[in-house]
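Subject: Structure handover

Hello,

Here is the structure I promised to pass on. Please open it and keep it in view while you read my notes.

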Amino acid sequence: RASSMLDVVDMEFMDRGHSRGFKIGLHPLEALLDAWRPGELTVLSGPSGIGKSTLAAFLALLVGSGEIPTLHCSFEVLPKAIIKKWLCMLGEKGFSEMGPQDYSVARRKLARRPMYILDTYGMADMADIRRCIYDAVTRHQVRYVVIDHVGFLRDSAADSEIASTSSVMRELKRWALDLQC
């Protein structure tokens with residue numbers, strides 16, 4: 001029964017000043033989640049073209065704006081396109097609408113944030129991605145990792161796409177728990 005867990009939730013309620021996670025400044029989402037917690041895996045899913053990659057880039061920028069080192073791994077969108085999205089978000093204008101001053105201000109804002117981006121495009125080997133993430137966590141204290149999208153990560157031993165995706169998700173969760181990111 002849910003009531004059997006109330007004591008645990010009571011303890012967390014009493015200790016609210018000591019959140020186990022970090023805030024990102026997106027109040028409606030934080031009202032639901034409270035905070036992003038180390039070791040958690042969050043999946044955005046939906047049809048193509050609805051903005052999952054843009055939302056993931058936006059969340060990464062918000063986390064990085066809070067001085068939390070962030071790694072963005074996109075296998076579907078070129079790294080320079082992610083950086084352009086971040087510049088547009090920071091400049092509050094489309095890339096073609098930015099003047100030199102707007103671009104310079106947005107560029108300085110981005111350069112000050114602890115943002116890292118994996119320079120890889122297309123299908124990716126899980127062992128290589130693991131090394132990159134573990135390196136980013138140990139060398140740069142990365143606490144938040146975006147992977148866009150898991151369909152480009154494959155378990156070659158799996159006999160179907162569903163089995164491969166399930167295996168990849170379990171492995172990503174294991175990494176998140178191991179690294180507390």
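Start with a pair in one helix. Asp128 and Arg131 are three residues apart in helix α6 (residues 126-140), so about one helical turn separates them. Helices here are DSSP runs of H or I with at least four residues, strands are E runs of at least two, and both are numbered from the N terminus. The side chains of Asp128 and Arg131 meet in a salt bridge, at 2.2 Å from N to O. That term requires a side-chain nitrogen of Lys or Arg within 4 Å of a carboxyl oxygen of Asp or Glu. Asp128 counts as partly exposed because its relative accessibility is 40%. The cut-offs are under 20% relative accessible area for buried, over 50% for exposed, and partly exposed in between (1.4 Å probe, protein chains only).

A word on the source: this is a predicted model, where local features need pLDDT of at least 70, side-chain atom pairs count only at pLDDT 80 or more, and totals for chains, interfaces and linings use all residues. Residues are numbered from 1 along each chain as its sequence is written, and side-chain values use heavy atoms, with hydrogens and water left out.

Back to the salt bridges. The count comes to four. Another one joins Asp135 and Arg139, with the closest N and O atoms 3.2 Å apart. Both residues lie in helix α6, four residues apart, about one turn of the helix. Asp135 is partly exposed at 30%. Arg139 is exposed at 56%.

Helix α7 has a pair too. Arg174 and Glu171 meet in a salt bridge at 2.5 Å, N to O. They are three residues apart in α7, about one turn of the helix. Arg174 is partly exposed, with a relative accessible area of 40%. Glu171 is also partly exposed, at 24%.

Now look at Val137, in helix α6. Is Val137 buried or exposed? It is buried, because its relative accessible area is 10%. Val137 and Cys181 are 44 residues apart in sequence, yet 8.1 Å apart in space, C-alpha to C-alpha.

Next, the whole chain. It has seven helices and three strands. Along the sequence the pattern reads α-α-α-β-α-α-β-α-β-α. Buried residues make up 35% of its 181 residues.

Then the largest pocket. It holds about 950 Å³ of space. Of its 40 lining residues, the closest to the centre are Thr42, Val43, Leu44, Ile147 and Val150. (A pocket is an open set of points on a 1 Å grid over the protein atoms alone, where a 1.4 Å probe fits, with protein on both sides within 12 Å along at least five of seven lines; lining residues have an atom within 4 Å of a point.) Helix α7 gives the largest share of the lining, seven residues. By class, the lining has 22 nonpolar, 10 polar and eight charged residues.

Leu44 turns up again on the surface. It sits in the loop between α2 (27-33) and α3 (52-65). Leu44 is partly exposed, at 38% relative accessibility. Together with Leu55 and Phe58, Leu44 forms a nonpolar patch with about 220 Å² of accessible area. (Patch residues have over 30% relative accessible area and no salt bridge; like charges are joined within 9 Å, nonpolar side chains within 5 Å.)

Best wishes

Conventions: Areas by Shrake-Rupley, 256 points an atom, 1.4 Å probe, with all protein chains shown as cover. Points joined across faces, edges and corners; volume = space filled by probe spheres on them. Nonpolar A, V, L, I, M, F, W, Y, C, P; charged D, E, K, R; others polar.
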